[in-house]
Amino acid sequence: MIALPLLLIGCTRAGGEHQPVDGEATENGSPGPASAPVVPVIDSANDRPLPLDTYLVNPDQLSLINKAYTKSVSLCMARFGFDHKPVMDPPAPRDSDAPKTRTDGRYGHQNAQLMAKWGYHPEGGFPADPPAPGAARKTSPDMVTAGRGTSDPEKAFGPGGQVVNGKTVPYHGCMGEAVKKLTGSADGDLYDPQIAVDVKMETLVRSQKDGRTREVFAAWSRCMKAAGHVYRDPLAAGGDPEWKNSPLPGTRELEVAKADAECRHENNVVGVWYAVDFALQEKAVAENAAALSRVKAELDRKVKAAGQVLER
């Protein structure tokens, strides 16, 4: 395959797809990716695949694993005489156009209609404040021991071995037992293992710093300045701390978001960014083939185990 072109600014959008040309050096002087897909002309990449997708827990798998984990912990706690379900972190808000194969969108807000209505807020605005600490469920020391394998409040987990209500607590408690059912080890990775997380984050950061991406970011920034908004790149606009000050978007946020979407469209920001990201991920998958093959096998086993837990 041929390398990604360095600049794709000011291109017409009617052609649909750009054919790549021979690659050039990136901003830091290193060669560009050895291969890349045709650079698409798109406003959203949420319906586009990425090479790492198959090695990372997707939203459906995340839901399945969480349900199986909750059920396993609850059944274990019931053996010790406790009616208890673990409190799972609520899922991050997901807009209606969020990718189905990834838990993160990677390229920020990409739907112009949603941005015009909700700015950089999730659909419906930020959720209501969580309940006050006093509303949390109370747990006894024995319940904590059964759940975590330790009675030491300074430790997240312990070796188990204690006797609670006539039953011996397993290693890392009922939480460890549930993790073992799903991963084969009480110390297993319930979600993405570190190698998969590292590759995902490394390629994301590199895609943001790549010379080709920075070039369209600069064009986007000039477009935004012409509209009266000064931001160095789309990440700065979406991450403006002002947006967190209210549960619903204000007038300025909506104006910035509308201009953001228009400037992304005008300069094919997502198309170039996605193509650079794709090429980096493709290269990273090849370089970490053995490790990621094990990650995929572990993920398949985990999903199968979760299904079996829920069928019982």
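The largest nonpolar core of this predicted model comprises 30 residues, and those with the most contacts inside it are Y120, W220, M224, Y231 and V256. A nonpolar core is here a set of buried Ala, Val, Leu, Ile, Met, Phe, Trp, Tyr and Cys residues joined through side-chain atoms within 4.5 Å; buried denotes under 20% relative accessible area, exposed over 50%, and partly exposed the range in between (1.4 Å probe, protein chains only). At least two residues of this core are supplied by each of α6 (211-226), α7 (234-238), α8 (251-267) and α9 (269-287), where helices (H or I, at least four residues) and strands (E, at least two) are DSSP runs numbered from the N terminus. Helix α9 provides the largest share, with nine residues.

Residues are numbered from 1 along each chain as its sequence is written, and side-chain values use heavy atoms, with hydrogens and water left out. Because the model is predicted, local features need pLDDT of at least 70 and side-chain atom pairs count only at pLDDT 80 or more, whereas totals for chains, interfaces and linings use all residues.

The surroundings of W220 were examined next. When residues up to four places away in sequence are not counted, W220 touches Y231, R232, D233, P234, A237, D260, C263, R264, N267 and V269, contact being defined as heavy atoms within 4.5 Å. One of these partners, C263, also takes part in a disulfide with C223.

In total, the structure holds two disulfides, each identified as a pair of cysteine sulfur atoms within 2.5 Å. In the pair formed by C223 and C263, the sulfur atoms lie 2.1 Å apart. The torsion about this S-S bond is about -80°, so the disulfide is left-handed. Since C223 belongs to helix α6 and C263 to helix α8, the pair ties together parts that are 40 residues apart in sequence. Both C223 and C263 are buried.

The other disulfide joins C76 and C174, with a distance of 2.1 Å between their sulfur atoms. Its S-S torsion is about -70°, and the disulfide is therefore left-handed. C76 lies in helix α1 (residues 59-79) and C174 in helix α4 (residues 173-183), so this pair connects parts 98 residues apart in sequence. C76 counts as buried at 1% relative accessibility, and C174 is buried with a relative accessible area of 0%. With bonded cysteines counted along the chain, the disulfides follow the pattern 1-2, 3-4.
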